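Hi everyone, thanks for making the time.

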Amino acid sequence: MSLTSLPLFTFAAVKPAGVIITGKVTDEKGNALIGTTIVVEGTQKSTSADADGNYRIDVPDGRRMLVFSCIGYITRKVPLGSGSVLNVKMQPDEKNLGEVIVVGYGVQKKVTVTGAVASIGTKELLQSPVANVSNMLVGRLPGLIAVQRSGEPGQDGSSLKIRGIGTLDAGSGSDPLIMVDGIERSNINQIDPNEIETINILKDASSTAVYGVRGANGVILITTRRGKLGPPKLSLTSNLGRQSPTQLPKMVSSYEYALLKNEALKNDGKEPYFTEEDLELFKSGKDPVFHPSVDWFDVMLKPYSLQSQHNLNISGGTQLARYFISGGYFDQNGAYRYADYNPEFSANPKYKRYNFRSNFDFDVTPLFTVKVNLGGQVENQNYPAKSAGDIFFDVLSANPFSSPGIVDGKLVTISGAVNARNPLLTMLNAGYQQLFKSNVNSSVILNHKLDFITAGLSARGTIAYDSWYSHSVRRSKNNVTYLAVKDPANAGNVLYVPQGEETTLGFSEGYDKRRKIYGELALDYNRTFGAHNVTGLLLYNQSKAYAPSLTYKVPNAYLGMAGRVTYNYKSRYLVEFNMGYNGSENFPEGSRFGWFPAYSLGWVASDEPFFPKSKYLTFLKIRGSYGEVGNDKLSDIFNGGARFLYLPSAFAYGGGYNFGEVGSTYQWYGGSYEGKLGNPDVTWERAKKSNIGLEMKLFDNRFSFTGDYFREKRNNILAMRGAVPGIVGVSDLPAYNLGRVSNSGFEMEAGYNDHVGSVNYWLKANYSFARNKIEFKDEAPRSYPYQNETGNPVGQYFGLVAEGLFNSWEEINDAKRPQSSYAPGVNGRDALQPGDIRYKDVNGDGVINNDDQMPIGYSQFPQIIYGFSFGGSFKGFDASLLFQGAGRASVYLEQMAAWPFDTDWRNAMTVHLERWTEERYKAGEKITFPRLSQSPAGNNYQRSSYWLKDASYVRLKNVEIGYTFTEGILKRAKIGSIRVYANGMNLVTWSSLKTYDPEAPDGRGQFYPQQKVYNVGLNLQF
């Protein structure tokens, strides 16, 4: 048989050795295999297949073999023939035996993993043009729940939870553990995504048990990129984006405000405040200084702001040394319109980040390797000295006629203005603050094979040193304002009288620093005995963190051991045992260490001889796990959080008494009292987790499916006692291990890949559901059992149940209706009117009061989160879309975020035009708001389901379209490829919430709005 007849490769025109070999790499269906690595065996010469699968490589004299490798396909060694064209068809590795994924303290073949692990790579991350990694993960990984509460530059990261919330703390106490290259590092949002190779999330006990006392909330593993064998590859990426708010409330004009206010006063039986002349001047706009109509959102915010991101990286190496070096820059601007009003400073938010990373791999000998990793982030941040919360408080509070704002470059005020709040003054008179932060992460990993002891044994050691430093500067000054007065000599002229004097810039500063040392020693074992495969891990680690802010200045310390044993027979029957044995300083001596074991089994049924072989179901794996993990997260100890809860605090001082004789010795003596008591029995939370999973591939591996069902019962949760009467006399009790929470749910992920001719396309979907319940929480006795938090989800809202509005006096005068205690009247009847909110009498006692408050809605964290994406490529074109959504979530809006005229004169929104009036009701007009009142109080403004909004949504989260140039002049210019693309983030949101983004935080709406981003970019590969 001639070489040209072989099915895996073909040859064209004959040429002698030492020539340039070209060709195309395809899969078994003839599709181009982009990125396939081609190496001349025995040399450092290599290249990779372009977007069309084509490659070109110089083969030195005397070399007769090319090696083709691609993840998910069997590596092939192809001998050279006498031709210069070599087309290669790759065969899939049916079980992906060559594909490995990162797990706790190691890697495993994907096909043999028995834990619940989800992964994402660089390509998907970079489709999202945002500042930080946490926002890039939303909707892409099953089991990961993310909520973004702010869009402020540098402060816009998402809060991440794995499989929901399993403890009583919905804040940082339920956050996952973050590991970067095997070292605990919490700076996920400061990492340049161009540096990342993969992100894996570990969800069940089997995958997190090795982290012991830190693993109960799940673990996120970030693996940075490393150099690969081959010539230097240079990549330059540049992005420019435009940001604008996803949603802003629409405020009323001064004319609309005045009409609504007069109506509210009339409803309360009072005289109107605004005259007909006022109304006409507001409506006509003829008096913009003394009768202004200002939209403070429009005044304070520009339509858009800019951001840019740039990265340059180089990688490559020889068999002895490989490298990856990356430098990045990110610049994000805020949108405050007049932040540069004062020429001496800018109060506009501005976030700059500089990233650097260098990862080196050295093969010192065939048995001894060294990895040296160095990463750093430098941040420069600029903000108003007032927080975004304070500024947006005034944006929402200031009514449209409180000030004309800036007139002819002057900050103008007017006399006699009601609620004379001015958000411009709030921002500018506070000055500005600058933050400088630097973070350096370094590690050295030594690995030595110990095959001379027994085959498959190796030892490794890791030493890591991290340091943090921050410096803050705050400067402020008062700006001159100008009082507008009418010119007595010319009624049509306005004089602007300076008020106060401009002060010099004040100055204050602060510093903070931290450092951490981490050490690790491990033995690894990996050996095959015929069809039996065995791996093992035994690891010891220890860390100490130093910071001036730590209580008692004592370093924060952890010490522990981890172990893993896996066994599989022909990669068909899978058994795994994981364990962590950890000690935490938070617990008393003698009780500091805990044992956390986990067990898992797997069965690859499709490998059984009896399993029917067909292209319809090509892979089937069933896996299950059970284990225990812990949580010792009490609070942020680096920001004043509690430590050493087993120790009582010293006496505290406060209060006091007068002693002595009045007129002579009578004087005040300061008092002292017992401080916080210690809890000598304090210990860690313990979570018992079970998981069962199913993995399938169908239709000749074109369709894949993974599904998991999980349950968790967590006990010993640290919580404060709620049922201690005040007569005990101790005001500061410690936390006790009293709480119990259960959590369960399921998640699914599916994907489909195929092609039609030269058009490749794919679809992906994921869905996660997690619901928790408080099994026990120490609570003060309540009037009725339905008012207890126990038995409800963590973060459950409680309030009255609204049943619509009263629409007539007949309904009000119905003798059978419950009477509202929130609107006291006379003669045993309340003072409700048509247009007021009707509440459910939950306990049936005929009175609406606090005893009728019950669970309403859901919590702020969604129980459901999902994503659906699809995309494709044709020749050099590529495109993708991601839709992401959340369900079973609520947000409670109150005061300025929901009510008009809060504290009498705060602003109102256009949604308040849909208020109840008798005329609007009879006309059948849309009514979404109760009758107006001069100041929100009483019956209509109680905590109730009326003000609890559905926070479910669907977003067009991400869109990207690009084109890659690879031919012609590029090759002559030594450029491998140029890709131009456009993408966007948070482009369209569908939600029933019409005033704010559905991820808005609870409360009064005082937050920097979330942003949508439109971006264009360029990537050059050399």
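Let me begin with a definition: a polar contact is a pair of N or O atoms within 3.5 Å, where, within protein, one must be able to donate a hydrogen and the other to accept it, and residues adjacent in sequence count only if both atoms are side-chain atoms. Before using it, a word on the source: this is a predicted model, so local features need pLDDT of at least 70 and side-chain atom pairs count only at pLDDT 80 or more, while totals for chains, interfaces and linings use all residues. Residues are numbered from 1 along each chain as its sequence is written, and side-chain values use heavy atoms, with hydrogens and water left out.

Now to S158. You'll find S158 in the loop between β12 (144-147) and β13 (159-162); helices (H or I, at least four residues) and strands (E, at least two) are DSSP runs, numbered from the N terminus. Is S158 buried or exposed? Its relative accessibility is 11%, so S158 counts as buried; the cut-offs are under 20% relative accessible area for buried, over 50% for exposed, and partly exposed in between, with a 1.4 Å probe and protein chains only. The side chains of S158 and N135 are joined by a polar contact of 2.4 Å. Setting aside neighbours within four places in sequence, the contacts of S158 (heavy atoms within 4.5 Å) are S134, N135, V138, A146, V147 and Q148.

Next, helix α5, residues 276-284. Here D278, L279, L281 and F282 are buried. They cover an arc of only 165° around the axis, so they sit on the same side of α5; that arc is taken from the directions from the helix axis to the C-beta atoms. As a reminder, an α-helix has 3.6 residues a turn, so residues three or four places apart point the same way. E276, E277 and K283, on the other side of α5, are exposed. Part of the cover over the buried residues comes from α4 (254-267). Just after α5, G285 has a positive phi of about 75°.

On to charges. How many salt bridges are there? The count is 42, taking a salt bridge as a side-chain nitrogen of Lys or Arg within 4 Å of a carboxyl oxygen of Asp or Glu. One of them pairs E695 with R623, with the closest N and O atoms 2.8 Å apart. That pair links distant parts of the chain, since E695 is in strand β37 (685-698) and R623 in strand β34 (617-631), 72 residues apart. Both of these residues, E695 and R623, are buried.

D878 and R979 also form a salt bridge, at 2.6 Å from N to O. D878 lies in β48 (877-887) and R979 in β52 (977-991), so this pair ties together parts 101 residues apart in sequence. There is a network too, linking E184, R214, K516 and D632 by salt bridges.

Last stop, a sheet. Four strands form an open sheet in the order β23-β24-β27-β28, with mixed pairing. Its edge strands, each pairing on one side only, are β23 (405-407) and β28 (494-499). Inside it, β24 (410-414) and β27 (481-486) pair in the parallel sense over three bridges; two strands pair if DSSP finds at least two bridges between them. T413 stands opposite L483 in β27.

That's my tour, and I'm happy to take questions.
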